[in-house]
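Q: I would like to go through this structure with you, one region at a time. Shall we begin?

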Amino acid sequence: MISGYEQNGLAERGIEVYREMQAAKAVPDSMTFVATLSACAQAGALDLGREVEKRIVSERMDISVFLGSALVNMYARCGVVDKARRWFDALQERNVVTWTSMIAGYGMHGHGHEAIKLFHLMRREGPPPNHVTFVAVLSACAHAGLVMEGRDAFDCMKRIYGLVPRVEHYCSMVDMFGRAGLLDEAMQFISDYMPGEPGPEVWTAVLGACKMHKNFILGVEVAERLIALEPENPSYHVLLSNIYALSGKMHHVEKVRNTMIKRRLKKQIGFSLIELGGTSHLFRMGEKSHPQTTEIYQYLEELIHRISAAGYMPETESVLHELEEEEREGALRYHSEKLAVAYGLMMSVGSTTPIRVIKNLRICGDCHLAIKFMSAVENREIVVRDKHRFHHFKDGKCSCLEYW
């Protein structure tokens, strides 16, 4: 049951089943722990993951390759990549899943050079890499701006290992070129290498790069391609609207939004999670249902005042452009990740433990900037796992180096 929930994207329900199992005093075996650790990895439930690890160690269980891989994956996906590597190094046996999990972990955290270094070690000492391994390697290159290394890995996959590229490999290559600002190369790669018409995943990667690098002409063209492919997908309409807004074409913004209203398309609602003492707290933009809402908002106001004194200025481009400047700043102030971070800081004054937040969507530019300042003024490490990667904020800097 735990595994079934985890494999269907319902990790929280899987964790509940594990808790029910504990209450029923049923004795878990190694495969129970593998499934539970996988659920913890998906949900970002670090406290439970550590609890399971402690039980595995205290009961002196045989750390099989499956259990070891699950521990590596859990720590990597919960934001503790150093601990993941310690488990990786401690394992006497490693399979392709173990190696791939560690490479992917480095990629998610922006440690592209470490991912490539481990990939080369795998080629020398480990099992042959598979399709998933190369997705992890190419993704790591994309997130770290390692274009030359990405080209080499793509060539290696085909020439040395004889693997036929899949859509996810093409998508990672396009993403890599796009993030690095090489949009012409991205389009040329699509034309030269991709068999048939590219799917939505590839064009989404191009569109994200267009927005990042403010290439509005190509961005509009790509967004319209996506809408033609999947007219009922609201995220493409939102991206097109954002492109128009950033380029100042407000009449086009209104046209897109009217289309969304007519078709009853609603954008995905963003939320952020923070786990404290084994309890998850969920925040949405402007969230006011939390029992400590008054204290959280007061703490956030004080925090914004402090970071503003340190030089923070809101990036009002991150919200709807038809709002007045003051309204835009207000809309940004109460984004879910700011509320979650403020709550975490408020509840752990004096602690040096990193604040860990999970965001279901991509972190916005203003929150990214604000949290960099928060890490500096509070002298705390803040880790945010968004839809695409981890951001480790420390001393006013982020591990992503603005690649996200």
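Q: Which residues does Ser 101 touch, not counting residues up to four places away in sequence?
A: This is a predicted model. In it, Ser 101 touches Ser 69, Val 72, Asn 73 and Ala 76, with residues up to four places away in sequence left out of the count.

Q: Where is Ser 101 placed?
A: Ser 101 is in helix α7.

Q: Is Ser 101 buried or exposed?
A: Ser 101 counts as buried, because its relative accessibility is 11% and the cut-off for buried is under 20%.

Q: What separates the C-alpha atoms of Ser 101 and Ala 70?
A: The two C-alpha atoms are separated by 8.7 Å, while Ser 101 and Ala 70 are 31 residues apart along the chain.

Q: Turning to α6, which of its residues are buried?
A: Helix α6 covers residues 81-90, and its buried residues are Val 81, Lys 83, Ala 84, Trp 87 and Phe 88. They lie on the same side of α6, because the arc they cover around the axis is only 160°.

Q: And which residues are exposed on the other side of α6?
A: Asp 82, Arg 86 and Ala 90 are exposed there.

Q: What do the buried residues of α6 pack against?
A: They pack against α4 (46-58), α5 (65-77), α7 (96-108) and α8 (112-125).

Q: At what angle do the axes of α6 and α7 cross?
A: The axes cross at roughly 160° and come within 10 Å. Angles over 145 degrees count as roughly antiparallel, so α6 and α7 are roughly antiparallel to each other. The crossing in which α6 passes α7 is left-handed.

Q: Which residues make that contact?
A: From α6 the contact involves Val 81, Ala 84, Arg 85 and Phe 88; from α7, Thr 98, Trp 99, Met 102, Gly 105 and Tyr 106.

Q: Changing topic, at what angle do α17 and α19 pack?
A: Helix α17 (residues 293-309) and helix α19 (residues 336-346) pack at about 95°, and their axes are 9 Å apart. The two helices are therefore roughly perpendicular to each other.

Q: Which residues meet there?
A: On the α17 side, Glu 295, Ile 296, Tyr 297, Tyr 299, Leu 300 and Leu 303 take part. They meet Lys 338, Leu 339, Ala 342, Tyr 343, Leu 345 and Met 346 of α19.

Terms used:
Residues are numbered from 1 along each chain as its sequence is written. This is a predicted model: local features need pLDDT of at least 70, side-chain atom pairs count only at pLDDT 80 or more; totals for chains, interfaces and linings use all residues. Side-chain values use heavy atoms; hydrogens and water are left out. Buried means under 20% relative accessible area, exposed over 50%, partly exposed in between (1.4 Å probe, protein chains only). Helices (H or I, at least four residues) and strands (E, at least two) are DSSP runs, numbered from the N terminus. The arc is that of the directions from the helix axis to the C-beta atoms. Contact means heavy atoms within 4.5 Å. Axes are lines fitted to C-alpha atoms, for helices over the stretch in contact, and angles run from 0 to 180 degrees between N-to-C directions. Angles under 35 degrees count as roughly parallel, over 145 as roughly antiparallel, 65 to 115 as roughly perpendicular and the rest as oblique. A crossing is left-handed if the near helix is turned anticlockwise from the far one by less than a right angle, and right-handed if clockwise.
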